Amino acid sequence: MIRRIHHVGIVVRRLDEAYGFYRDTLGLPLLKEAEIPDQGVRAALLAAGDSEIELLEPLDPANGVGRFLARRGEGLHHLCFDTPDIAAALADLKNRKVELLDATPRQGLAGEIAFLHPGACARVLVELATPPDHGAPPAAPLRLKRLVLGARDVAATAEVFQSLFGFPSVPMNGGPRKMLAVGREALLVVPADEVGGTEGMVALSFVADDLPALFRAFDRAATQCLRGKSEVTVDPVSSHGVHLHISRYE
Ligand code: CO
């Protein structure tokens, strides 16, 4: 029922500022930008391998996204899965008494979309989308590899995503973490204690084809980051509230 992580939604203060990092420094191609009045946002999609990054600027401080920005600041907001038939997916979830914010699909930036209630999904706001068929996405210098979720109960959180969406688990060598495959990407569920007590979405991992080129872009933009030989962690100060980990390898 789910083909891939369609996008990860990030709330930002201003799209123009966020483009400075996500489009100009990371080099993610901008796919589209539009006002979505019924979500109260101006939003943009940028290509990141098999997935996309959605940037959301609230149009009104009093709406849902505006209140999120005021309360939590910039950062990870929601997760969207690509399903080939959103009407069928919603009907299936309704049959299973899963709580939905949208009982029927509506038009969003990613195509026909609907949101589940965050209470249904281990306190993660999950969107489903059936995108229009535009063929292969443009090549991007980074591709999304993993989304990290913090959980008080790792096994229970992984079980929620497995039972709702049928994601297979990826074997890991013991330890308290659980990994679920979603298309070519994965959800990594870790104990909240490992991530400063945060529950829900905590970090994104990407693979970069050309890390030296990325480091040069970070130098030009004075991006705050911690560099290793084959990986880099970007300080959320520079990435609009998102913990980003970028490595050279899959
Ligand atoms: Co979205």
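Start by selecting His 7, which is buried, with a relative accessible area of 0% (buried means under 20% relative accessible area, exposed over 50%, partly exposed in between, with a 1.4 Å probe and protein chains only). Before you go on, note that this is a predicted model, where local features need pLDDT of at least 70, side-chain atom pairs count only at pLDDT 80 or more, and totals for chains, interfaces and linings use all residues. Residues are numbered from 1 along each chain as its sequence is written, and side-chain values use heavy atoms, with hydrogens and water left out.

Stop 1: Strands (E, at least two residues) and helices (H or I, at least four) are DSSP runs, numbered from the N terminus. Like His 7, His 78 is buried, here with a relative accessible area of 1%.

**Stop 2: the eight-stranded sheet.** Now colour the strands. An open sheet of eight strands runs in the order β2-β3-β4-β1-β5-β8-β7-β6, with mixed pairing; two strands pair if DSSP finds at least two bridges between them. At its edges are β2 (30–36) and β6 (106–108), each pairing on one side only. Inside this sheet, select β3 (residues 41–48) and β4 (residues 51–58): eight bridges join these antiparallel strands. Look for Arg 42, which stands opposite Glu 57 in β4.

Next, show helix α2 (residues 64–72), which packs on the sheet and touches β1 (4–11), β3, β4 and β5 (75–82). Contact means heavy atoms within 4.5 Å.

**Stop 3: strand β15.** Move along to residues 231–234. Which residues form the covered face of β15? They are Val 232 and Val 234, while Glu 231 and Thr 233 make up the uncovered one. Select β14 (residues 225–227) as well: β14 and β15 form a hairpin with three residues between them. Cys 225 stands opposite Val 234.

Conventions
Axes fitted to C-alpha atoms, helices over the stretch in contact; angles between N-to-C directions.
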